[in-house]
Amino acid sequence: GLGLFLGAFATHMTHLYLSVGLLAGLGWALVFTPSLGTVGHYFPARRALATGLAVSGASISGLALGPLIPLLLDTYGWRGALLLLAAISFNLVAAGALLRPLPCPGVSPGPPKERPGLRRLLRHGPFLRYALTFVLVDAGYYVPFVHGEARAHEVGCDEHRAGLVMAAMAAVDGGGRVAAGWLAARPAASLLRHLFAWVVLTGLTLLLLPLGTTFGGLLTLALTYGFCAGALVPLQFAGVAEVVGAGRAVHAIGLMQMFESFGSLLGAPLAGWLRDMTGSYTISFLAAGAFLLAGSLLILTLPGFFCTSRGAGGKEGHPSLAPDSPEAPPLPPE
């Protein structure tokens, strides 16, 4: 909120880099990670569903802000629009005040004796493979969101239809997040198996996107991709607790996001470069899909993937015996 507020008084581009770019971006990161980690603590038996509901808010707000921001710009100018967005963001202060630590039975409310450390996570083989999974996934994940409109123009869609393709992809994203969380709460399979399935489906849909050479075909594939891409988001963050335990999820989510940002930064420029080299987005989408399928293979190597029980914090897990406890032993290196 402070970054957006200060940005409204900018007189030079550097001011916007520092306020809206650096300060607001840092604030978003500081909100996102503890929010998801807290959800895992509050709802250990329905972690995937709770995470799905929590992250679906991003899709709802994205759909709402899409038409709202042009209206604010036309009515109040860019400075007024930033002030109003800052006012909306300051509501996060009240929301953050509601995220309170939950007391554990028989444990004093003081700080845990064994604080999870980043060094332990950096020596934890399963976590490193999990983080690498999403470096690869993110290298392909954002390509349709960044280049989808240009692809729609490439197959002959006008501005209205190209915008409709992108809006449809964003609209079903939220539904996919909730649906995946609900399905993962079922006891039929482990959460990591659900995650593997959605990553594979998302990658396969990306491979099929070049087949959408008409408006109808592209819209159908975009709807499918948006749903599958949304579905893997809550399972990604809920899966962290399956790999390292809910008590270490906040540290692990933050570290994982730092790693996967490299994939996010790589994917869209690489897709654009391939488009420039080949004259078509076909190779760009094929490469993006290959990144996701490569990431899915790493999920197969994670402990517990082939186990039938939910493990720590899952539907059939026992939090008192799992690493969710403050007294959890340190992560062993692998």
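Accessible area here is the Shrake-Rupley area found with a 1.4 Å probe. Keep that in mind for the surface step below. One caution before you click: this is a predicted model.

**Stop 1: the whole chain**

Show the protein as a cartoon. Follow the elements from the N terminus: the run is α-α-α-α-α-α-α-α-α-α-α-α.

The protein exposes about 16,400 Å². Carbon and sulfur atoms supply 72% of that area. Hide the surface again and think about the inside. Of the 334 residues, 42% are buried.

**Stop 2: helix α8**

How many salt bridges does a search of the whole structure find? There are 3. Start with the one in helix α8.

Select residues 159–184, which form helix α8. Show the side chains of D173 and R177. They meet in a salt bridge, 2.6 Å from N to O. The two residues sit 4 apart in the helix, so about one helical turn separates them.

Are these two buried or exposed? D173 is buried, with a relative accessible area of 6%. R177 also counts as buried, at 12% relative accessibility. The cut-off for buried is under 20%.

**Stop 3: helix α7**

Move to residues 143–154, helix α7. Select R151 and E154. A salt bridge joins them, and their closest N and O atoms are 2.6 Å apart. These residues are 3 apart in helix α7, so the separation is about one helical turn.

Colour the pair by accessibility. R151 is at 5% relative accessibility and counts as buried. E154 is partly exposed, with a relative accessible area of 28%.

**Stop 4**

R275 counts as partly exposed, at 26% relative accessibility.

**Last stop: the network**

Which residues are linked in a network of salt bridges? Select R151, E154 and R275 together, as these three form it.

Note on methods:
Residues are numbered from 1 along each chain as its sequence is written. This is a predicted model: local features need pLDDT of at least 70, side-chain atom pairs count only at pLDDT 80 or more; totals for chains, interfaces and linings use all residues. Side-chain values use heavy atoms; hydrogens and water are left out. Buried means under 20% relative accessible area, exposed over 50%, partly exposed in between (1.4 Å probe, protein chains only). A salt bridge is a side-chain nitrogen of Lys or Arg within 4 Å of a carboxyl oxygen of Asp or Glu.
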